[in-house]
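This briefing covers selected structural features of the model shown below. Please read it alongside the sequence and the coordinates.

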Amino acid sequence: MKQVTRRSFIKSTGVTGIGLWLGISGVHGEVRKAASLAEAKNITPYILIEPNGGITIFNPRPEMGQGTFQSIPSLIAEELEVSLNQVTIRMTNGEKAFAGSQWVGGSYSVRGSYQQLRKVGASAREVLIRAASNQWGVGADTCYAEEGKIIHRPTGKSFTYGELAEEAAKLELPKEPKLKEAKDFKILGKAVKRPDIPLKITGQAVFGIDSEVPGMLYASVQRCPVLGGTLKSFDSSDTLKTPGVVKVVEAVRKVGIYTYTGVAVIADSYWAAVQGRRALKVEWDTKGYEKFSSAAYDNTLRALAKKDGVIDKTKGNIADGSIKPNQKLQAFYETPVVAHHTLEPLNCVAQVKDDKLELWTSTQVVDSVVGTGPGDLHAQVGIKPENITLHNQFIGGGFGRRLYLDYLIEAVNIAKQSDKPVKVIWSREDSTQFGPFRPMTFSQLSGSVGADGTLISFEHKVISPSMSESGGDEYDKNKVDGTMVEGIGEQDYEIPNLKTSYVRADYHVPIAAWRSVTSSTLAFAHECFIDELAHKAKKDPLLFRLEMLSKPSDTKRVLEKLREVTNWDKPLPAGKGRGMAQWKFFAGLSAHAVEVTYNKAKNSVKIDKVYVVIDLGEVVNPDNVRNQVEGGVIMALSAATKPGITLEGGKVKQSNFNDNPQTRIHEAPTVEVHILTEGGELKGVGEPGLPPLAPALANAIFMATGIRLRKMPFSLSNIG
Amino acid sequence: MAAITLQINGKAHQVDLDPQMPLLWAIRDVIGLKGTKYGCGIGQCGACTVHLNGQPIRSCSLPVSAANNLAITTIEGISADAGHPVQKAWIEEQVPQCGYCQSGQIMSAVALLQKNPHPTDADIDAAMRGNLCRCGTYQRIRKAIKTAAAASK
Ligand code: FES
Ligand code: FES
């Protein structure tokens, strides 16, 4: 399988001109040209079959490591009856026919496409069968599809798809084609090798940062280190003397409600741009933000915890006067700000010419780059959407950071001031210090247990800045920001008296979704506190939870499986501890158990093993699911145990992987993943593997040490 | 500016560059081999790992002048067809996610196995801890190194 480049694509369609498109209507640009050549109408735009038998599947879901390069075409290929190594996969770049699905986030890609793309493949298969049966003058029911051919069962004669494509394209696609039965699947549910991997182990995979455009210049941007500061003036005289430097310009970047102006140094090499940037003298107006510190802000959040929150959910009577003080428990949990740290730093090549914009980058949101919506790129840079051309590449990590357009907006604003295309590269320091960041959440928790050891009441109040506010959504500050209370009112536990609420805090730092969004911090507080209540009730934490799950539910199945695979009922030897947690949220559901060993002399903990049970409904590639979950555990472990982002004097203190370290191979525990597919509802893969890790680990540490950790990050080498 | 000869994957390139330019940017933007990646620029992530006279080094932290006339191997140079035992093991274990760190991971693993054909877990930790993987593929990297080691038994 090969990646189709733009050039080879045009060659294979426009130039030879005979390529047959199954369904081109609405596809714009070069594809429309091919459409007129093929005169195909009203058939699926996802499949191109050439007379020579070449088959291309169009994939609207960008690949950022989550496996869509394979999982999405697999949905089509399975029903089309072709194997993946018979097809060429082409990532789409905003063609209108795919509008609405050209983005990745929310662990949504497979869930969002599962039925629709199988139908695409199945309907194409059905018209190919009809085309064959028409030509042979036999009943369609005597023909079947296999490996890119239609075969007449009684005689064994066959046509290749290439031979049938032209006729097939004239036929109307069935709206409700017959989908294959799961028992007949050849690709779905199987650990099929991913076709992007050969590209990624040879250096051939092209990421955004690898884009090369003839005549291209490079830029590096100096931004105000005090977040919220504005540009007063700059002196570029030394910069302009730096060999290779071409120009110094202002660079406006918008992220949510924030607009920042930096100074971009444009040069003939990235190295020269960096050198020129070092020679810049910039004066900023820091507007009082230089007084901001995370330490003081955390105190503000702690003080805000005393306020009544805006109610998210209530059930029963949380203030039941009959609950005795000795039945009650209270705790306060804190979590840090973290950066996304995609390993591929942010980057974008932009070229602006005659009101036309061309971009080469890696983004999660193709639709927003070319779209016509009010929040889309065109509105932010003043270029008509029909004049925007995108070349999206492999994404070297998204994690939510590349849902935002800020780095594209900034690159476009720089490119507007250059005759030549400009590649803007964020250094690692830039990627660490300018956000948007995952926000902290602080949690005030209270609960009570009855004399019989059952949970009577549970209250979770979240204190945090608002992501919706930062993002510029129409957000009413007097209401709950649903994103900031994500999941806390939606667990399956049958708790008679429940209250969840939200206290919003002012903040001037841009904040954003980070893989598993607010569940990445709230699950820690919520599931650790459930654990605290279990211990107060003198119950096993897993059984305590199962007792609150009397009715059948996905959560119950997941916890029962976790109990089984961990040998939960068998006690661990002394010095070891085992903890667990589960989390159900918009992206899906999983439960983790962590086993640790405590070294009392060193007061350190080693993670022996992590077990994960993930509930999916359907699975496309179980090996890829395991890879995602293994990786999710590592990313969650970084966020739980490594220092986060803090501000002092208004500036982010951390700068790079030396002072903002992430989990490395010698710290990576073994992860054992179990996939459940009995649940009817399709659930996501990319994010659910994260939220339960931190609480399961903290709960394990409590079991091993008796020390209750209520603040992330926590160190494993110095417990407490 | 200085005249420098870069011997990359067995091919000599004469370049005229700022001698202080990191080798990484010379490889990527001057020679045009994009498989070697930029991740941190300060020797902390390993995405830029190449071999210099057979030793793994962080090309972001080496001035291009220090590589003058020395043998450089990049990810593009370890095999013509993804056929290196380490690459085969990487396919076998389906290691990469986003893939951005993997050129560096593979260059470190190749160097490790050249020196130590049958590394222990501790050897793997020591040789690979300089290579960050933000997608968290460490368990598979460990397994793939063992698979590659076993294949050469
Ligand atoms: S880019 Fe060289 S070690 Fe990170
Ligand atoms: S595979 Fe993404 S950083 Fe390693």
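Axes are lines fitted to C-alpha atoms, for helices over the stretch in contact, and angles run from 0 to 180 degrees between N-to-C directions. Helices (H or I, at least four residues) and strands (E, at least two) are DSSP runs, numbered from the N terminus. The model is predicted, and local features need pLDDT of at least 70, side-chain atom pairs count only at pLDDT 80 or more, while totals for chains, interfaces and linings use all residues. Residues are numbered from 1 along each chain as its sequence is written, chains are lettered from A and ligands numbered from 1 in the order in which they are written, and side-chain values use heavy atoms, with hydrogens and water left out.

**Helix pair in chain A**

- Two packed helices are described by the angle between their axes and the distance between the axes.
- In chain A, helix α3 (residues 68–80) and helix α4 (residues 109–136) have axes that come within 6 Å and cross at roughly 35°.
- The crossing of α3(A) and α4(A) is right-handed, a term used if the near helix is turned clockwise from the far one by less than a right angle, left-handed being the anticlockwise case.
- Contact means heavy atoms within 4.5 Å; on the α3(A) side the contact residues are A:T68, A:S71, A:I72, A:L75, A:I76, A:E79 and A:L80.
- Their partners in α4(A) include A:S109, A:V110, A:Y114, A:L117, A:R118, A:R125 and A:L128.
- The residues of this contact between α3(A) and α4(A) comprise 11 nonpolar, five polar and three charged.
- In that division, Ala, Val, Leu, Ile, Met, Phe, Trp, Tyr, Cys and Pro count as nonpolar, Asp, Glu, Lys and Arg as charged, and the others, Gly among them, as polar.

**Five-stranded sheet in chain A**

- Strands of a sheet pair through backbone hydrogen bonds, either parallel or antiparallel.
- An open sheet of five strands in chain A has the order β13-β21-β20-β19-β14, with mixed pairing; two strands pair if DSSP finds at least two bridges between them.
- Its edge strands, each pairing on one side only, are β13 (310–315) and β14 (328–334) of chain A.
- On average, neighbouring strands of this sheet are turned by 10° against each other, direction ignored.
- Strand β19 (residues 442–449) and strand β20 (residues 455–464) of chain A run antiparallel and are joined by eight bridges.
- Across this pairing, A:Q444 stands opposite A:K461 in β20(A), and A:L445 stands opposite A:H460 in β20(A).
- The hairpin of β19(A) and β20(A) has five residues between the strands, and A:G453 takes a positive phi near 80° there.
- β20(A) also pairs with strand β21 (residues 497–504) of chain A, in the parallel sense and over eight bridges; A:S464 stands opposite A:R504 in β21(A).
- β20(A) is mostly covered, as 10 of its 10 residues are buried, where buried means under 20% relative accessible area, exposed over 50% and partly exposed in between (1.4 Å probe, protein chains only).
- Helix α15 (residues 519–536) of chain A lies across β14, β19 and β20 of chain A and runs at about 155° to β14(A).

**Backbone exceptions**

- Most residues other than glycine have a negative phi, and most peptide bonds are trans.
- A cis peptide bond, with omega about -5°, joins A:G435 and A:P436; A:P436 is in the loop between α13 (428–433) and β19 of chain A.
- Another cis peptide bond joins A:M712 and A:P713, with omega about -5°; A:P713 lies in the segment after α19 (693–705) of chain A.
- A:E147 has a positive phi near 50° and is placed in the loop between β5 (143–146) and β6 (149–152) of chain A.
- A:E147 is partly exposed, with a relative accessible area of 45%.
- B:Q94 has a positive phi near 50° and is found in the loop between α2 (85–92) and α3 (102–115) of chain B.
- B:Q94 counts as buried, at 4% relative accessibility.

**Chain B as a whole**

- Chain B has five helices and five strands, which follow the pattern β-β-α-β-β-β-α-α-α-α along the sequence.
- The C-alpha trace of chain B spans about 45 × 30 × 25 Å along its principal axes.
- The radius of gyration of chain B is 15 Å, which agrees with the value near 15 Å for a compact globule of 153 residues; this radius is taken over C-alpha atoms, and the globule rule is 2.2 Å times the number of residues to the power 0.38.
- Of the 153 residues in chain B, 59% are buried.
- Among contacts in chain B with a separation of 6 or more, 55% are between residues 24 or more positions apart.
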